[in-house]
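Biologist: I've got a model open and I'd like to learn how to read it. Can we go through a few features together?

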Amino acid sequence: MKKSLYLLFIAASMALSAHAQDASVTSPDGQLVVNVQMPEKGDLSYSVTYAGVPMLEQSALGMETNIGVYGHKDKLEKHEVTPVEETYSMNRIKTSLVNYKANKLVCDLVTRDGRKWKVEFLVSNNDIAFRYLLEKYGETGAVRIMKEKTAFHFPSATTTFLTPQSDAMIGWKRTKPSYEEYYKADAPMNIRSQYGHGYTFPALFHVGESGWVLVSETGVDSKYCGSRLSDCQFDTYTLEFPMPEEFNGNGTSEPAFALPGATPWRTLTVGNSLKPIVETTVAWDVVKPLYETEHAYKFGKGTWSWILWQDGSINYDDQVKFIDLASAMGFQYALIDNFWDKNIGKERMKDLIAYAKSKQVELFLWYSSSGYWNDIEQGPINKMDNAIIRKKEMKWLREVGVKGIKVDFFAGDKQETMRLYEEILSDADDNGLMVIFHGCTIPRGWERMYPNYVGSEAVRASENLVFNQSDCDQEAFNGCLHPFIRNSVGIMEFGGCFLNHRLHKSNQKGSIRKTTDIFELATAVLFQNPIQNFALAPNNLQDAPAVCLDFLRQVPTTWDETRFLDGYPGKYAVVARRKGDTWYIGGISAAAEPLKLKLDLSLLGLKEVEVYDGGNTPVKKIVKVKGLLPVTLNPEDGVVIVGK
């Protein structure tokens, strides 16, 4: 009965559309089209086609606020389409130079009681970004957004690749949600999410045989909350705000901002293949830096004792061993995790920093985000959430020569939480500190917005491989998802690349790694982050193949270009990344049977390559017919290819 009523509503909306005030905008290549409709007696909506095929059907726009409703029976006063072009450089994302070309549609609307607002769309060849801009209304200088009506109505044949939003204040030490739940691949739209709270961004949709759509958001800062998708009803997902219980109930679920002001950008990447999904830069195209830095941050690789040696390794002597490991590998950094404040202490930390510098290694130190929203005891605690204490602590970090911090356990997407992220980043930059976030939300354009931001976990990352055999059993499946979803919209500090076969300090017990060494090496290319803290241990200098260590010494962590070569989410992935004039190609497989592929290297200009296939040395191969290179991807195995 409910579905019948919904279909009648759609039919009525279509009938009204004959009298609608319409606007449209097309991508520069003419393939991607957004149509906006404002029926005289209905609700504002939009739809999307690609190459003439519907990718998003009529979907609602607008919001409910404390000063009124926007998008219901409004008048479209005017609309204008103008071209946009910008070239910008980035040193931390999947490509270093972006030439962004788009067409911008601005719809000027007025509500029935005279409030003026705009809907702005930016449409490039495979990307859409849109947001709402509210003007000042009389003496009202601020607005509280009670609910967004923003929706995404997919064709009925669509399947999904989604990860659920968890309950709030559950998990270890009540630290969730933290974007670490499991994905379901090719799932139907009508199934309920695991916890009943919908799904976190980014969200990937396979529109039958027509193509792919990746939905996310960007430009979220201290002036708004992070959002997610609802459970699906009638093939439609709506934008949802954080749960009231997040952040231990502190802060409101509804964001607020000063007028005039704007919401963050909602983004869609659309194509008839996965290529634009993997290669998209929309998360950074439509945002701007929020502050300039006077510091020249250096990116690179690091060691991380905690991942295999755990809490017991956070002592002076063991950290010397991992600093020595970093030095032997030519890595730039070592990350010292929780409890360093008690087990090493600030005074002895000065000696450790001096020792690291003598080995040409710099340090990152761990902090809890602290304190009144979870039960974390791991120190340092109660340092990052208070501006006075935080600034004093960061001044000390600068004075003793620490280069970065890893801040953990945030638990939520409320505006108050987003404000804390921004305050940590801003204060850290004042002191020349890079920042990695763990137990956190996804980045939303932050690589361009904050010059010292260098990574977020926000994925079911490497620690779960240590904790659970089931995660090791699913490592290949999950690894074949990330290039298409999580890592597509932002840098991802996964902390993997194990060379121990048993994920334990002894390499004799603990979780059993199911993947090959080459699989692990391939993830160093597939998983992109400017600071890569690899899961190596000192024993690997003796027991790991030299060819693997040599590759990890040379593989970059920042890239000039990224190309999708082949793959399907959850089954296999092959991605090429260029640094200077050298291409690095990483491929992994979760398929049950060997996959025989012919990789098209013609667009990369490669004639001769070195293939890492598990032998003692890489094998040189000539790229012959039509630029095709035959490779075989075995289950839970991978391939690494390097060429100029």
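This is a predicted model: local features need pLDDT of at least 70, side-chain atom pairs count only at pLDDT 80 or more; totals for chains, interfaces and linings use all residues.

Biologist: Which residues of H7 and H8 make the contact?

Modeller: Here's the general idea to bring along: an α-helix has 3.6 residues a turn, so residues three or four places apart point the same way. In this case H7 contributes Lys346, Met349, Lys350 and Ile353, while Glu393, Trp396 and Val400 come from H8.

Biologist: How many residues of that contact are nonpolar, polar or charged?

Modeller: Four are nonpolar and three are charged, with no polar ones in the H7 and H8 contact.

Biologist: Now the sheet. What is the order of its strands?

Modeller: In general, strands of a sheet pair through backbone hydrogen bonds, either parallel or antiparallel. Here six strands form an open sheet, reading E31-E32-E33-E38-E35-E36, and the pairing is antiparallel.

Biologist: Which strands stand at the edges?

Modeller: E31 (561-568) and E36 (619-622) do; each has a single partner strand, so one side of each lacks a neighbour in the sheet. From one strand to the next, the twist averages 20°.

Biologist: Let's zoom in on one pair. Over how many bridges do E35 and E38 pair?

Modeller: Four bridges, in the antiparallel sense, between E35 (residues 608-612) and E38 (residues 638-643). To find your place there, look for Val611, which stands opposite Ile641 in E38.

Biologist: And which helices lie against the sheet?

Modeller: One of them is H17 (residues 546-554), which packs on the sheet and touches E33, E35 and E38, with its direction at about 125° to that of E35. Another is H15 (residues 517-526), lying across E32 (572-579), E33 (582-589), E35 and E38 and running at about 125° to E33.

Biologist: Is H15 largely enclosed or open?

Modeller: For this we count a residue as buried when its relative accessible area is under 20%. In H15, 10 of the 10 residues are buried, so the rest of the structure largely encloses this helix. Among them are Ile518, Phe519 and Leu521, and also the charged Asp517 and Glu520.

Biologist: What about Lys321: buried, exposed or partly exposed?

Modeller: Lys321, in helix H5 (residues 316-329), has 41% relative accessibility, so it counts as partly exposed. Leaving aside residues up to four places away in sequence, Lys321 touches Trp309 and Pro538.

Terms used
Residues are numbered from 1 along each chain as its sequence is written. Side-chain values use heavy atoms; hydrogens and water are left out. Two strands pair if DSSP finds at least two bridges between them. Helices (H or I, at least four residues) and strands (E, at least two) are DSSP runs, numbered from the N terminus. Axes are lines fitted to C-alpha atoms, for helices over the stretch in contact, and angles run from 0 to 180 degrees between N-to-C directions. Contact means heavy atoms within 4.5 Å. Buried means under 20% relative accessible area, exposed over 50%, partly exposed in between (1.4 Å probe, protein chains only).
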